[in-house]
Amino acid sequence: KKTLDQQPAQFRMPKTQTRSYEDRRTKKIRSETSTTEFDATGNLRKQVGIDGVTTLFEYFPSFETPDCPADPIGFVRFLKQQTVIPASGGGASTVKRFRYALQPGVEGSTLANVVPVEEQLFECVADREVLLSTASLAYVNTPGDSFQHGVLQQRSVSRDSKTSGVEYSYVLDDNTLVLKKI
């Protein structure tokens, strides 16, 4: 027997989950099975849903890369790429890629924050990837304001050479930051 701290990081993560349903009238039983795989650090690597759709997850390493700064606490946790493969006969696969940047922490903090700044969505067509959209994210950068620092300020999406965006505004209400409605 191993103690809890001797177990691998993903030891409590299910590999297979089966749900069974019984029709009380006909007594016929139907089962649905989904599977998951995790890496050595406990991150989800592969998920196959009951519908046969497979989703693959790839993560940035804990050290700095061109699209992601080093994780301030040394973990492997930032999603690099997510690939969705449809069930047989289900159409094209899609790939979503992510980019991150370092944002300073609030005043007095010793760690910076890693925030997502871009998501690109591609469709896989005839062995090549076609860019469908790019979403860009910007955050409030006011380290002296612990209530608003780091909240989403703007999200813009480019699709077919057209860009649309949303700007966010917040108000402080009883020590709670609330999204301002316009």
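Mentor: Accessible areas come from the Shrake-Rupley method with a 1.4 Å probe, and for residues only the protein chains shown count as cover. By that method the accessible surface of the protein comes to about 12,800 Å². Carbon and sulfur atoms hold 49% of that surface. This is a predicted model, where local features need pLDDT of at least 70, side-chain atom pairs count only at pLDDT 80 or more, and totals for chains, interfaces and linings use all residues. Residues are numbered from 1 along each chain as its sequence is written, and side-chain values use heavy atoms, with hydrogens and water left out.

Start with the elements. The protein has 12 strands and 0 helices (DSSP runs numbered from the N terminus: strands are E, at least two residues; helices are H or I, at least four).

Now the part itself: strand β8, residues 128–139. On one side, β8 pairs with β7 (residues 113–125) in the antiparallel sense, over 8 bridges. Two strands pair if DSSP finds at least two bridges between them. L121 has S133 in β8 as its bridge partner. The two strands form a hairpin, with 2 residues between them. In the turn, A126 has a positive phi of about 50°.

β8 also pairs with β9, again in the antiparallel sense. Here there are 6 bridges. A138 stands opposite Q154 in β9.

Stay with β9, which covers residues 152–159 and holds S156. Its contacts (heavy atoms within 4.5 Å) beyond four places in sequence include T134, A135 and S136. S156 also touches T163, S164 and G165. The C-alpha atoms of S156 and E118 are 9.6 Å apart, though 38 residues separate them along the chain. Why does S156 count as buried? Its relative accessible area is 19%, so S156 is buried, the cut-off being under 20%, with exposed over 50% and partly exposed in between.

Compare F75, in the loop between β4 (54–59) and β5 (79–85). F75 has 47% relative accessibility, so F75 counts as partly exposed. With I73 and L111, F75 forms a nonpolar surface patch of about 280 Å² accessible area together.

Last, step back. Buried residues make up 23% of the 182 residues. The C-alpha trace spans about 65 × 55 × 40 Å along its principal axes. Of the contacts with a separation of 6 or more, 30% join residues 24 or more positions apart.

Terms used. Patches are made of residues with over 30% relative accessible area and no salt bridge: like charges are joined within 9 Å, nonpolar side chains (Val, Leu, Ile, Met, Phe, Trp, Tyr) within 5 Å. A salt bridge is a side-chain nitrogen of Lys or Arg within 4 Å of a carboxyl oxygen of Asp or Glu. Buried means under 20% relative accessible area, exposed over 50%, partly exposed in between (1.4 Å probe, protein chains only).
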